[in-house]
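The entries below follow the order in which I looked things up.

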Amino acid sequence: MQPPPRLHPDILKLGLVSFLTDLSSEMIFSVFALFFTTVAGASSALLGLIEGLADFSASSLNYLAGWLSDRSGRRKWFATAGYGFSTLAKLILLLSSSLIGLSIFRVIERLGKGFRGPPRDAWLSSIAAQGSRGYAFGVHKALDKSGAVLGPLIAYALLAWLGESTSTYATLFMVAFVPAVVSVLVLTRIPDQPGPAHRRESVRRNWQQLSPAFKRFLWPASVFALAYFSLGFILLKAHAVGFSVTEIVLLYALFNTTCVLAAPLVGRLGDHIGRSRIVLLGYAVYAVINLWLMVAASRWEIVGALAIYGLFYAIEESQSKAFIADLEPERRATAIGVYNFTTGLLYLPASLLAGALWAVAPSLAFAVAAGLALAASLVFTVLRPATAIQR
């Protein structure tokens, strides 16, 4: 097998920024629900409301951020603003532990995530060679998810060492604030890679100028988003099979670890066989996972399904962005923003649908998800969004 292609050093620097940010965020998110309900005294209903608002806020600014980035041609400024916004939100945790303060933090932190994503991914695609773009996005995702593996482990170590108390949570939030600040400092040292500016382009004109190939891709992506329900349902299945809460935390770590290991490999595979095939592979793997979960009844089957889910996640979360960068070379930030915004809005009804079906029969939720994934594959095959590009 050929050695991995040489990556632009700024790709690794952007990966380091994402690693530090995810390390900080996952330290907090791994304990946030518990802190919010048991220490701050919030109800489970309020927690659900705040989490729903956070998910919506994460996707609400994607299109705007992408349009502003392509309109000005700037990548670094908007990405830094997004990372900085999330970092400042974490400062709230050091100043207030009230329900209002915690709620504001959760929503504002996700707003920063939504604002930084499209400009950063467009920046990443501009410094990644077309022939190794999938590998570049895979390495970036691996570094990003490494923070998701390490963050909860650090949080667990602090809680085990200092004990579960209000002062321990305050210490944890303070420790988590440090890598968030460092990530912004690292980002400011990376030179910008501006894209072509479209200064007089309105939002409507901007949408009209997006390539037909990208717009065709939105159809199967939207169908698939309806199948892409929360990972929490798979963890519920694990609990029903007999895993304890502590073991489920380890399953979540297994999922993240598999994603870290698989992301660069699936990126190289996409560069070799073509990104259309790798996108279809992601849809197929997701369908297989859900078909398996329909009948899974043993612990080893759940372990296997979660490990393969990490492979799927590596494909979906990194290679779809590389594919979009191929489809839309002129307005990449906008295209990625439109994609994130559209699919993000559909994730909410997807999880609501899964919840309703779960109440009838868990196997029915997995069956519908598998069917929608196969339908997305069919729509993708019929529309053939990549006919205008080589890969």
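**Entry 1. Basis.** I worked from a predicted model, in which local features need pLDDT of at least 70, side-chain atom pairs count only at pLDDT 80 or more, and totals for chains, interfaces and linings use all residues. Residues are numbered from 1 along each chain as its sequence is written, and side-chain values use heavy atoms, with hydrogens and water left out.

**Entry 2. α3 against α5.** I first looked up how α3 passes α5, and found a right-handed crossing. A crossing has this hand if the near helix is turned clockwise from the far one by less than a right angle, and is left-handed if anticlockwise. Helices here are DSSP runs (H or I, at least four residues), numbered from the N terminus. The axes of α3 (residues 62–72) and α5 (residues 99–127) come within 8 Å and cross at roughly 40°. I note that axes are lines fitted to C-alpha atoms over the stretch in contact, with angles from 0 to 180 degrees between N-to-C directions. The two helices are therefore oblique to each other; angles under 35 degrees count as roughly parallel, over 145 as roughly antiparallel, 65 to 115 as roughly perpendicular and the rest as oblique.

Which residues meet here? From α3 I listed Asn62, Ala65, Gly66, Leu68 and Ser69, and from α5 Gly114, Phe115, Pro118 and Pro119. Contact means heavy atoms within 4.5 Å. By class, the residues of this contact are five nonpolar, four polar and no charged. In this scheme Ala, Val, Leu, Ile, Met, Phe, Trp, Tyr, Cys and Pro are nonpolar, Asp, Glu, Lys and Arg are charged, and the others, Gly among them, are polar.

**Entry 3. α15 and its partners.** I then turned to α9 and α15, whose axes come within 7 Å and cross at roughly 175°. That makes α9 roughly antiparallel to α15. Among the residues in contact are Phe217, Trp219 and Phe224 of α9, and Leu372, Val379 and Phe380 of α15. The contact divides into 15 nonpolar residues, no polar and one charged.

For α12 and α15 I noted axes that come within 8 Å and cross at roughly 160°. α12 is thus roughly antiparallel to α15 as well. The crossing of α12 and α15 is left-handed. Residues that meet include Tyr283, Tyr286 and Asn290 in α12, with Phe366, Ser377 and Phe380 in α15.

**Entry 4. Nonpolar cores.** A nonpolar core is a set of buried Ala, Val, Leu, Ile, Met, Phe, Trp, Tyr and Cys residues joined through side-chain atoms within 4.5 Å. Buried means under 20% relative accessible area, exposed over 50%, and partly exposed in between (1.4 Å probe, protein chains only). The largest core has 61 residues, of which Phe214, Phe217, Tyr286 and Tyr309 touch the most other members. The elements giving two or more residues to this core include α3, α9 (212–227), α12 (275–295) and α15 (362–383). α13 gives the most, with eleven residues. Apart from this core lies another, of 21 residues, among them Phe29, Phe35, Leu172 and Ala176.

I also looked up the contacts of Phe214: not counting residues up to four places away in sequence, Phe214 touches Ile324, Leu327, Ala335, Val338 and Tyr339.

**Entry 5. Arginines.** Is Arg331 buried or exposed? Arg331 is buried, with a relative accessible area of 8%, and is placed in the loop between α13 and α14. Beyond its neighbours within four places in sequence, Arg331 is in contact with Asp70, His198, Glu201, Asn206, Gln209 and Leu210.

Arg133 lies in α6 (residues 133–162) and counts as buried at 5% relative accessibility. With neighbours within four places in sequence left aside, the contacts of Arg133 include Asp271, Arg275, Asp326 and Arg332.

I found Arg384 in the segment after α15, where Arg384 counts as exposed at 53% relative accessibility. Its phi is near 45°, a positive value in a residue other than glycine. Most residues other than glycine have a negative phi.

**Entry 6. Val285.** Val285, in α12, is buried, with a relative accessible area of 12%. Leaving aside neighbours within four places in sequence, I recorded its contacts with Ile308 and Phe312.
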